Amino acid sequence: MKLVTGNDLATGDVIWWTGSGWTRHIAEAGDAGDQGEAIARQEEAARRVNGPYVIEASETPDGPRPAHIKDRIRALGPTVRPDLTLKPADPNAGSWVI
Amino acid sequence: MYKYDEYDQSIVDARVDEFRDQCRRRLSGELSEDQFKPLRLMNGLYLQLHAYMLRVAVPYGTLDSRQMRMLAHVARKYDRGYGHFTTRQNIQYNWIKLEDAADILAELATVEMHAIQTSGNCIRNISSDQFAGAAADEVTDPRPFAELLRQWSTFHPEFSYLPRKFKIAVIAADEDRAAMRLHDIGLQLLERDGVLGAKVFVGGGMGRTPMIAPEIKDFVPADQLMSYLEACLRVYNRYGRRDNIYKARIKILIHELGADKYRAEVEEEFAQVRQLGIDPPAAELARISAMFAAPAFAADDGAVADRSDPDFAVWLDQNVRAHKQPGHAIVTISLKPIGGIPGDASAEQIDVMADLAERYSFDELRVTHAQNIVLPHVRIADLKAVWEALVEAQLAEANLDLISDIIACPGLDYCALANARSIPLAQKIGQRFADLGRQRDLGELKLKISGCINACGHHHAGHIGILGVDRKGTENYQLLLGGSGAEDVSLGKITGPGFDEDGVVDAIERVTDTYVRIRETGERFVDTYRRVGMQPFKEAIYG
Amino acid sequence: MADAFEVDVIDDRAHLRFRDEAAHEEPAVTLDAFLADQSNATAVRVEPGDDARALIPLLDRIALVEVSFPTFRDGRGYSVARILREAGYTGELRAEGDVLVDQIPLMRRCGFDAFAPRAAVDPVVLKRSLERYDHVYQKAADGAAPVWKLRHG
């Protein structure tokens with residue numbers, strides 16, 4: 001599947017395209033199909049996202065999993081500071097990245 | 001320490017206003033990201049993996065307790081309670097909001113701090129010797145010159161859109177504690193026939209094509225230094241490559257032209273430029289130097305540190321250096337706890353260090369390029385109290401210049417450019433060599449990790465260096481041996497095929513075991529490597 | 001740095017002018033052409049890779065030097081301006097191309113006194129930019145006194 005991701009312009013937060021808007025949680029991201037580039041262009045022009053790009057991901061029971069480690073780290077947070085990730089209470093969150 | 005006058009303050013305040021306006025134009029859509037990017041970078045604001053990152057300048061690594069407390073305040077109020085001290089003596093915050101950036105800068109300006117030119121293709125923060133003003137071996141305090149350079153380079157009208165970034169280091173001793181010859185320009189201050197001036201090295205750097213700067217001029221008198229540097233930069237601005245970002249640094253220009261041709265071009269330019277009257281008068285250097293006058297040191301009271309506590313004694317031996325003033329010492333606070341994140345400090349730790357500086361170090365702190373903090377002027381009689389406070393704050397790791405005193409870039413945990421993570425590797429190496437007795441037996445061993453070819457973690461200059469690369473989507477690490485960023489400057493060589501994370505830790509252990517087996521008395525690791533070469537280590541690693 | 005400018009429209013493009021006299025409208029010839037066989041031209045266009053020093057012996061014949069900025073990232077034109085002003089050139093020095101409003105104050109300091117930006121510049125933003133800094137650290141081509149001069153006279 002294809003995901004569109006970028007950062008929120010004002011806050012810098014990592015965000016994911018849901019199909020109709022943006023979310024901080026990759027589990028809520030939606031498949032952009034072949035519309036990824038068009039969505040990226042349109043959303044950037046509307047300043048709803050900064051630096052959007054399209055990535056490859058696989059569908060898993062826990063939600064989309066980006067193909068590249070860089071985007072998995074973006075989705076979770078720094079592996080060396082579990083307390084600052086989006087899943088601070090989940091001791092196994094880091095293993096999802098690797 | 002340098003104190004702003006009304007002119008300095010008005011320039012920094014105007015910069016805050018300018019950046020506020022630029023941020024406003026970006027948020028309102030007047031500026032596209034393409035247009036805004038160079039503007040925000042020129043003020044140290046990056047877009048990183050998780051958020052915006054703000055790099056705040058610590059000019060030549062010197063700051064006072066008020067400034068240090070402000071760094072803690074920014075960490076608490078605008079970030080997530082910590083900051084990361086960098087190899088260029090600056091500090092970075094990882095979780096900044098664009099909408100807060102101008103407010104942060106306004107707060108920093110109240111304590112004479114800023115983020116000016118901490119990124120972008122311009123002259124970056126001037127770096128210097130962290131022991132300046134305290135070391136016995138310096139010819140003069142290099143910081144007044146660094147401050148002159150700070151002013152000269154700030155919003156330099158001609159050199160704000162250079163082919164690539166430009167880093168300058170100034171030292172004033174034969175021992176090089178600032179990796180001077182791995183800078184675009186390295187200045188070594190010295191005295192010749194009673195005249196103060198500088199030996200000028202140009203074209204060093206790390207990155208994907210590491211080079212040691214050749215000497216371009218053996219002596220430039222202090223009163224012509226700005227003219228000479230203006231000539232050096234102008235030749236670079238005119239002729240540096242702009243067709244390929246990887247070949248745009250001045251080291252490539254000098255490599256391609258040859259040092260002799262570059263020197264001749266600079267001389268020709270210098271002949272013109274020196275007539276323009278761009279060098280500040282001697283009175284300006286005198287004005288600045290007066291602010292760096294030695295503090296009112298107490299008379300030597302003959303105090304000797306009480307070594308009865310073995311942990312304190314080890315810390316004294318490892319982290320405390322001789323001071324030029326009898327009765328005083330230079331303390332380095334390690335930001336490299338075993339299993340920790342190199343260079344990171346919490347807001348609470350930053351406050352503790354500020355308090356210690358105010359109480360015990362004439363209100364001065366330094367940031368080192370090895371990502372540690374220095375209290376430059378501590379009375380020997382106060383060392384025990386300082387150490388006890390550091391123990392309390394978990395800042396008393398006695399590992400300065402040992403294998404666990406690792407330089408590491410933020411790597412793929414934070415950085416958008418990285419190919420591999422650096423920090424987890426630093427943590428694993430620290431844990432493998434956690435035994436302090438073993439570390440001390442290995443002696444001075446500078447280990448440096450970069451998460452990509454840009455070499456922010458100085459891997460080329462490590463006695464042992466590690467470079468993280470992306471091998472088909474997985475992290476892979478190359479091992480280098482034999483580099484040095486000190487006065488014995490050299491570039492490390494790759495041992496051979498790379499490793500995964502655990503593999504590189506094992507390989508390092510085979511390297512250190514080999515060193516222990518074959519070293520001669522008094523040899524540091526890098527000395528043994530230079531004597532025997534790569535082969536014995538290679539055999540030990542790859543069998 | 002109080003710095004008055006006028007906006008003229010030439011060939012559908014807004015020109016910002018910090019000079020009293022009217023814009024020099026003769027089309028500029030390339031530096032190569034000027035040096036080769038069109039040395040009676042009075043307007044020369046300098047590209048980033050050109051050696052502006054070649055113009056120095058001929059400056060008294062020139063009324064306009066147009067310095068091209070194909071991209072705002074290419075800063076070679078700043079050195080061109082300094083070099084020409086240092087050599088005593090007093091004619092129009094125009095920055096043409098990808099010139100951004102935030103760059104104009106620095107370009108003014110290098111000696112540019114006319115601008116033909118490819119994209120329109122907001123005069124309100126520009127005016128604010130030009131008035132923002134009361135002081136400068138360096139001596140440059142604009143005659144502004146650096147702070148060391150103000151400190152020590």
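Strand β4 (residues 43-46) of chain C runs parallel to β5(C), and four bridges join the two; helices (H or I, at least four residues) and strands (E, at least two) are DSSP runs, numbered from the N terminus, and two strands pair if DSSP finds at least two bridges between them. This is a predicted model, in which local features need pLDDT of at least 70, side-chain atom pairs count only at pLDDT 80 or more, and totals for chains, interfaces and linings use all residues. Residues are numbered from 1 along each chain as its sequence is written, while chains are lettered from A and ligands numbered from 1 in the order in which they are written.

**Around β5 of chain C**

- Six of the six residues of β5 (residues 64-69) of chain C are buried, so the strand is largely enclosed by the rest of the structure. Buried means that 20 or more other C-beta atoms lie within 10 Å of a residue's own, exposed means 12 or fewer, and partly exposed is in between, with C-beta atoms placed from the backbone.
- In a regular strand the side chains alternate between the two faces of the sheet.
- Both faces of β5(C) are covered, with C:Leu64, C:Glu66 and C:Ser68 buried on one side and C:Val65, C:Val67 and C:Phe69 buried on the other.

**C:Arg19**

- Look for C:Arg19 in the loop between β2 (13-17) and β3 (29-30) of chain C.
- C:Arg19 comes out as partly exposed, because 15 other C-beta atoms lie within 10 Å.
- Leaving aside residues up to four places away in sequence, C:Arg19 touches C:Glu92, C:Asp113 and C:Ala114. Contact here means that the C-beta atoms of two residues, placed from the backbone, lie within 7 Å.
- C:Arg132 is 113 residues from C:Arg19 along the chain, and their C-alpha atoms are 21 Å apart.

**Where chain C meets chain B**

- The contact involves 27 residues of chain C and 34 residues of chain B.
- On the chain C side, the elements giving two or more residues are α2 (76-86), α3 (104-110), α4 (123-132) and α5 (147-152).
- That side of chain C divides into ten nonpolar, five polar and twelve charged residues. Ala, Val, Leu, Ile, Met, Phe, Trp, Tyr, Cys and Pro count as nonpolar, Asp, Glu, Lys and Arg as charged, and the others, Gly among them, as polar.

**Domains of chain B**

- Chain B is assigned domain 1 (6-110), domain 2 (134-290), domain 3 (310-393) and domain 4 (407-542); the bounds come from an automatic or database domain assignment.
- The C-alpha centres of domain 2 and domain 4 of chain B are 30 Å apart, and each of these domains gives eleven residues to the contact between them.
- The side of domain 2 of chain B that touches domain 4 of chain B has five nonpolar, one polar and five charged residues.

**An antiparallel sheet in chain B**

- Five strands form an open sheet in the order β3-β14-β15-β12-β11 (chain B), with antiparallel pairing.
- β3 (62-64) and β11 (320-322) of chain B stand at the edges with a single partner strand each, so one side of each has no neighbour in the sheet.
- Five bridges link β12 (residues 328-333) of chain B to the antiparallel β15 (residues 373-379) of chain B, and B:His328 has B:Arg379 of β15(B) as its bridge partner.

- In α7 (residues 250-257) of chain B, the buried residues include B:Ile250, B:Lys251, B:Ile252, B:Leu253 and B:Ile254.
- Their cover includes β9 (195-202), α6 (225-239) and α8 (259-273) of chain B.
- After α7(B) comes B:Gly258, with a positive phi near 90°.
- B:Tyr60 has a positive phi near 45° and lies in the loop between β2 (52-56) and β3 of chain B. B:Tyr60 is buried, with 28 other C-beta atoms within 10 Å.
- B:Gln89 has a positive phi near 65° and is found in the loop between β4 (82-85) and β5 (91-96) of chain B. B:Gln89 counts as buried, with 26 C-beta neighbours inside 10 Å.
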